[in-house]
Amino acid sequence: MRYGFIYTGDDPELAVELATLAEANGWHGFFVWEGIWATDPWATLAAAAMQTSSIRLGTMLTPVPRRRPWELASQTMTVDRLSKGRVILSAGLGVPEAVEPRFWLFESDPGRRERAELLDESLGLLEQFWRAEAFEHEGEHYRVTRAESLLPPPAVQQPRIPIWVVGVWPAPKSMRRVARYDGWLPNFAPPGAELAPGSPGFTPEVAAEAVGWLRVERERLGLADQPFDVVQEGATAGLDPEADAAVVRPWVEAGATWWLEADWSVPAERVEAHARARILAGPPRA
């Protein structure tokens, strides 16, 4: 089990300081959130890469359909090289306009179906871009003309930077997308239910069922021997190691490989103090 910390604030200088603090206090990953008009997460992570040496760095999460894939590839490659191969890309469809209008100030939501198409095409392109080799592409949404000169350097991590993908259990199409990549960011919507923030009803028992399905699907795809992460996000108090471990342990038993510590309910004026205290207390080791 590995443990990451999600910084829920938006001060880039503080984020870099907290990344170094997390590394020094036994955390395995440090993550920042990505908005559309917000502090640039990849610039922040580039700075953090230069101040750390072992902690994994990433977003939680990147709305890939909202991004130009060649620009995202350039940013992630740059941070991967600066960090000597410590980047993780967390990828999702992005929040719908009906749920969070703040993220749709500059364009209209094309709908879940088109965002899913953009996600799939973009993820395929990212793998090509990270290899820094000449190629051509003519897709539903993007065109790439072959270029032989001024190619950027490749990402350090090959065959690709690890990609964790949001998957809605038990939706087969969504989960099949997850199975092709390197990790699952769980969402839960039982048949007949609306997808809701926070995935209410998602329990370790539900997670274990989904993990079993993913193992079978990855075996079918010939990927059973490749590393794969199951990521669970939650909050622990950081005051009692045994109590914190008791929160995390059922998720470990269900098959989770990463616990991401985050409390999005902390008011903005308290985020810094809360983050410092929780990071210093160390991971909730189960």
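Is Ala132 buried or exposed, and what is its relative accessible area?

What we have up here is a predicted model, where local features need pLDDT of at least 70 and side-chain atom pairs count only at pLDDT 80 or more, while totals for chains, interfaces and linings use all residues. Residues are numbered from 1 along each chain as its sequence is written, and side-chain values use heavy atoms, with hydrogens and water left out.

Okay, the overall picture. The protein has 8 helices and 11 strands. By those I mean DSSP runs, H or I of at least four residues for helices and E of at least two for strands, numbered from the N terminus. The C-alpha trace spans about 55 × 45 × 40 Å along its principal axes. For 286 residues, a compact globule would have a radius of gyration near 19 Å, and the protein agrees because it comes out at 19 Å. That radius is taken over C-alpha atoms, and the globule rule is 2.2 Å times the number of residues to the power 0.38.

Of the 286 residues, 47% count as buried. Buried here is under 20% relative accessible area, exposed is over 50%, and partly exposed is in between, with a 1.4 Å probe and protein chains only. As for contacts with a separation of 6 or more, 69% come from residues 24 or more positions apart; a contact is heavy atoms within 4.5 Å.

Now the strands. Look at β1, residues 2-7: 5 of its 6 residues are buried, so the rest of the structure largely encloses it. Which strands does β1 pair with? One is β11, residues 258-261, in the parallel sense over 4 bridges, and there Tyr3 stands opposite Trp259. Another is β2, residues 29-32, also running parallel to β1, with 4 bridges joining them; Tyr7 has Val32 in β2 as its bridge partner. When I say pair, I mean DSSP finds at least two bridges between the two strands.

Further along there's β9, residues 183-188, where 5 of the 6 residues are buried, so β9 is largely enclosed as well. Strand β8, residues 163-169, pairs with β9 in the parallel sense over 6 bridges.

Arg177 is in α5, residues 172-179. Buried or exposed, this arginine? Arg177 counts as buried, because its relative accessibility is 5%. Leaving aside neighbours within four places in sequence, Arg177 is in contact with Ala116, Leu119, Asp120 and Val165.

Most residues other than glycine have a negative phi, and most peptide bonds are trans. So here are the exceptions I picked out. The peptide bond from Met60 to Leu61 is cis, with omega near -5°, and Leu61 lies in the loop between β3 (56-59) and β4 (62-63). A cis bond also joins Gln158 and Pro159, with omega about 10°; Pro159 is in the loop between β7 (143-144) and β8.

And that brings us back to Ala132, in the loop between α4 and β6. Ala132 has a positive phi, near 60°, and to settle my opening question, Ala132 is buried, with a relative accessible area of 14%. Leu150 has a positive phi too, near 55°, and sits in the loop between β7 and β8. Leu150 is exposed, at 87% relative accessible area.

Last one: Glu133, in the loop between α4 (112-131) and β6 (137-138). Glu133 counts as partly exposed, at 48% relative accessibility. Setting aside neighbours within four places in sequence, Glu133 is in contact with Gln128 and Leu151. C-alpha to C-alpha, Glu133 and Ser149 are 9.9 Å apart in space, and 16 residues apart in sequence.
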